[in-house]
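User: I would like to go through this structure and ask, for several of the labels attached to it, what each one rests on.

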Amino acid sequence: MTTLQERPAAPRPGVRPGVVGRTGLYAVLLANAVVVTVFFVQAGFASNTLIVLGRLAGLYGALLMAFQLLLVARLPWFDRRIGMDRLTSWHRWTGFSVLWLLLAHAVFIVFGYARSSSLDPVNQLVDLAKTVEGVLRAITALAIIIVVGVVSARSARRRLAYETWHFIHLYTYVAVVLAFTHQVAVGTTFTSSAVAKTYWYAVWGVALAAVFTGRLVLPLWRNLRHRLRVTAVVPENDDVVSVYVTGRDLDRLPARAGQFFLWRFLTRDRWWQANPFSLSAAPDGRTLRLTVKRAGDGSAALRHLKVGTRVFAEGPYGAFTTLHRTRPDALLIAGGVGVTPIRALLEELHGHAVVIYRVATDQDAVLYDELRELALAKGAELHLVTGPPVPDRLAPEELARLVPDIAGRDVYLCGPPPMMSAVLGSLRELGVPRTQTHFERFSLAG
C-alpha cells in the first residue's frame with residue numbers, strides 16, 4: 001500500500017500491466033479452446049452434420065461460460081491490471097456470445113436428431129427431454145440464460161433497479177450448475193474419455209474456485225480483519241458529503257489512490273445496498289475517505305450516517321492507479337464529483353502534474369480548496385474551468401492551450417459519461433496515445 005511517507009515506484013518502460021493481464025486472459029481462453037477442440041475430434045464425429053455443429057457450439061458455449069466466471073471473480077491480480085469496468089464489459093459481451101452459442105447448440109441438436117427420426121422439431125425436443133439424461137436440465141439452464149440476457153439488454157437494464165437486476169443475474173449460477181451436469185452426463189466428448197472429463201472438471205473447478213475466493217472468501221476475510229467503522233461524516237456542500245472510515249491494520253489493506261470499494265453501511269435500511277464509491281484521499285494506513293454526491297435515496301442517506309456505524313467494504317477495485325503510468329508527467333482531468341479519485345491521485349503522484357477541474361459553477365467545485373493546497377505543495381498547475389457545456393471548454397484547442405505538451409503526458413480522466421466521451425475524442429485528435437490514457441467507467445449502479 002502507498003502511504004503519505006512512501007514514494008511510489010517511478011514508471012518503468014516495457015510491457016504495461018494491463019497488456020500483461022489482457023494477454024494472459026486471451027492466452028488462457030485460446031489454449032483451452034484448442035484443448036476442447038482436440039478432445040472433440042478424438043471423440044469422433046456423428047454422421048449428422050447438424051449434430052456435429054450443435055455439439056461443438058455447446059462445447060465452446062460452456063467454455064465461454066467458465067471464462068465468464070473468471071472475468072467476474074474480482075481476483076485482485078486481474079483487477080489491478082485491467083480494471084473492473086473492462087472486465088465487466090468483457091463479461092457482458094461474452095455473455096451474449098454464450099447465449100447465441102447455446103441457442104445454436106439447442107437448435108442444431110434438435111433439428112439434427114429430427115432429421116434422423118420421424119418427429120418434428122418440437123416433438124423431438126420433448127422426446128429428448130423425456131428420454132435422455134440431463135436434457136431437461138439443459139433446457140432449464142438455457143431458459144435462465146435467455147431471461148438473464150433479456151434483462152441485461154441496455155433498454156431493459158435502464159428500467160430495472162440495480163438490486164432487481166443483480167438478483168435476477170444470480171440465477172446464472174443455477175444455469176452454470178445445470179449446464180455443467182448436462183455436459184458431463186451426456187456429452188460424447190467427456191463420456192468417451194476419462195482424461196477429457198478430468199480436464200473439464202478441472203476447468204470448471206478453477207473457475208468456480210476463483211469466484212468463491214474473489215467474491216466471498218477475500219471480502220469476508222478482509223472485513224473480519226479490518227473491522228471498518230464510520231468515524232466522521234462531513235458535509236462538503238448541500239449535495240456532497242465525505243464519509244471517513246477507519247479500522248484495524250489499515251496499513252495492510254492493499255488500497256491505492258484512484259481505486260474504489262463497494263460500500264455497505266450496516267444500518268437497518270441500508271445493509272443490503274452496495275454502492276461503488278472512489279477513495280477521495282490517498283490511503284494513509286489509518287483512514288479511508290469517500291466523497292459522494294447526492295444522486296438518489298442511497299447516496300442522500302449517507303449524510304445521516306452515525307459515527308460508529310459498521311461498514312462492509314468489498315475491494316479495493318480498479319486499475320485507475322499510478323501502476324499504469326508510462327510517463328513521468330501527468331495530466332489529471334476531473335468533471336464534477338469525478339474529482340474524488342483525481343484528488344487522491346494528485347496526492348500520490350510524483351513528477352509534474354497539471355489538473356483540470358471542469359464544473360458548471362464555482363460552487364460546484366467540491367474539494368477545490370484541498371486541490372489548491374495539494375497543487376501548491378507539489379508544484380502542480382491547477383485550472384478550474386467553469387461554464388455551461390456549450391461551447392465545449394475541453395475541446396482539442398482548449399486542452400492544447402492549457403497543456404501544450406499534452407501528448408507527452410499520462411492522462412487520467414474521471415467524470416460524467418458525456419464529458420468523458422468528449423474528452424477522449426479531444427485526446428485522440430491531439431495525438432495522445434491510448435497507452436497514455438487512463439479512465440474507468442463504473443459498470444455497477446451507484
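User: Why does alanine 43 count as partly exposed?

Analyst: This is a predicted model, in which local features need pLDDT of at least 70 and side-chain atom pairs count only at pLDDT 80 or more, while totals for chains, interfaces and linings use all residues. Residues are numbered from 1 along each chain as its sequence is written, and side-chain values use heavy atoms, with hydrogens and water left out. Buried means under 20% relative accessible area, exposed means over 50%, and partly exposed lies in between (1.4 Å probe, protein chains only). Alanine 43 has a relative accessibility of 28%, so it counts as partly exposed.

User: What does alanine 43 touch, not counting residues up to four places away in sequence?

Analyst: With contact taken as heavy atoms within 4.5 Å, alanine 43 touches Thr188, Thr189 and Ser192. Its own place is in helix H1 (residues 17–43), where a helix is a DSSP run of H or I of at least four residues, a strand is a run of E of at least two, and both are numbered from the N terminus.

User: Why is threonine 437 called buried?

Analyst: Threonine 437 has a relative accessible area of 13%, which is under the limit for buried, and therefore it is given that label. This residue is found in strand E11, and, leaving aside its neighbours within four places in sequence, it is in contact with Val411, Leu424, Leu427 and Val432.

User: What makes strands E9 and E11 the edges of their sheet?

Analyst: The open sheet has 5 strands in the order E9-E8-E7-E10-E11, with parallel pairing, and two strands pair if DSSP finds at least two bridges between them. Strand E9 (381–385) and strand E11 (437–439) each have a single partner strand, so one side of each is left without a neighbour in the sheet.

User: Which helix lies across E7, E8 and E10?

Analyst: Helix H13 (residues 339–348) lies across these strands, running at about 155° to E7; axes are lines fitted to C-alpha atoms, for helices over the stretch in contact, and angles run from 0 to 180 degrees between N-to-C directions.
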